[in-house]
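Dear colleague,

I am handing over the structure we spoke about, and I would be grateful if you could read the notes below alongside it. They go through the core, the pocket and then some individual loop residues.

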Amino acid sequence: QGGAAGGAAANANGWHNTDVTLAFTPADARSGVAGTSQPSPLVLTTEGAAVTGVVSVTDVAGNTATFTSPFQRIDKTPPVVACAADKTVLWPANNKLVPVSVDLSLSDTLSGGVTYVMNEAVSSEPGAANDIVGFTVPGSALSGALRAQRSGGGTGRVYTLGYRGTDLAGNT
């Protein structure tokens, strides 16, 4: 008894970030195939660094053979990105640029290798284009300066600095 398997290739890092589908074709040259433990394709849904699937094939004569798929690395869970600025209040609102540093924590329990990019650096008040210095989007800056300023009629300016992490499986 024999078979052929196929499916989508892993990414350049050897990981999948979706279920893996492996097509197979059971064959028996003597008596023919009576059945399989499951129909083709074999779908691997579990996350892990060495996920395999098993298919049993029975021929017309009653012989059974079990085939184990090649292992697949599957990570469908995005990494965890946590960040906090060293200053949460810029006061007094004296129009001066204040140095700000961001503590960034990246973790991923499966594929790992998390990289990051700054994907947001904005102010809640209009006209603040020159009030964010050093935090460039896209970029990787963890320090820069923010202007201690607010609009006269507003409730206070809020700066948002955002970071996106990507693991080796391509989850973001």
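**Cores**

In the largest nonpolar core, which has 14 residues, the members that touch the most other members are Leu90, Phe135, Leu146, Leu161 and Tyr163; a nonpolar core here is a set of buried Ala, Val, Leu, Ile, Met, Phe, Trp, Tyr and Cys residues joined through side-chain atoms within 4.5 Å, and buried means under 20% relative accessible area, with exposed over 50% and partly exposed in between (1.4 Å probe, protein chains only). Two or more residues of this core come from each of β10, β11 (115–123) and β14, and β10 gives the largest share, 4 residues. Strands are DSSP runs of E with at least two residues, and helices runs of H or I with at least four, numbered from the N terminus. Apart from this core lies another, of 9 residues, with Val20, Phe24, Val55 and Val57 among them. As a general background, nonpolar side chains tend to be buried together in soluble globular proteins.

Leu90 is in contact with Val98, Val100, Leu146, Arg147, Ala148 and Tyr159, once its neighbours within four places in sequence are left aside; contact means heavy atoms within 4.5 Å.

**How the model was read**

Please keep in mind that this is a predicted model, in which local features need pLDDT of at least 70 and side-chain atom pairs count only at pLDDT 80 or more, while totals for chains, interfaces and linings use all residues. Residues are numbered from 1 along each chain as its sequence is written, and side-chain values use heavy atoms, with hydrogens and water left out.

The chain has a mean pLDDT of 93, and 96% of its residues reach 70 or more, pLDDT being the predictor's confidence in each residue, from 0 to 100. Over residues 1–6, however, pLDDT stays under 50, and for this stretch the model has 22 contacts beyond four places in sequence. Where pLDDT is low, the predicted coordinates should not be read in detail.

**The largest pocket**

The pocket holds about 390 Å³ of space, and its lining divides into 14 nonpolar, 4 polar and 4 charged residues. For these classes, Ala, Val, Leu, Ile, Met, Phe, Trp, Tyr, Cys and Pro count as nonpolar, Asp, Glu, Lys and Arg as charged, and the others, Gly among them, as polar.

On a 1 Å grid over the protein atoms alone, a pocket is an open set of points with protein on both sides within 12 Å along at least five of seven lines, whereas a cavity is a set where a 1.4 Å probe fits but cannot get out; lining residues have an atom within 4 Å of a point. Grid points are joined across faces, edges and corners, and the volume is the space filled by probe spheres set on them.

**The loop between β9 and β10**

Thr88 lies in this loop and is exposed, with a relative accessible area of 76%; its C-alpha atom is separated by 9.5 Å from that of Val158, 70 residues apart along the chain. Pro92 has its place in the loop as well, and the peptide bond from Trp91 to Pro92 is cis, with omega near 5°. Asn95, also in this loop, has a phi near 70°, a positive value in a residue other than glycine, and counts as partly exposed at 40% relative accessibility. Most residues other than glycine have a negative phi, and most peptide bonds are trans. Another cis peptide bond runs from Val137 to Pro138, with omega near -10°, and Pro138 is found in the loop between β12 (132–133) and β13.

**The loop between β7 and β8**

Ser69 lies in the loop between β7 (64–68) and β8 (72–74) and is buried, at a relative accessible area of 12%; not counting residues up to four places away in sequence, Ser69 touches Leu22, Leu42, Leu44, Thr52 and Gly53. Phe71 is found in this loop too but counts as exposed, at 52% relative accessibility, and under that sequence limit Phe71 touches Ala49, Ala50, Val51 and Thr52.

With best wishes
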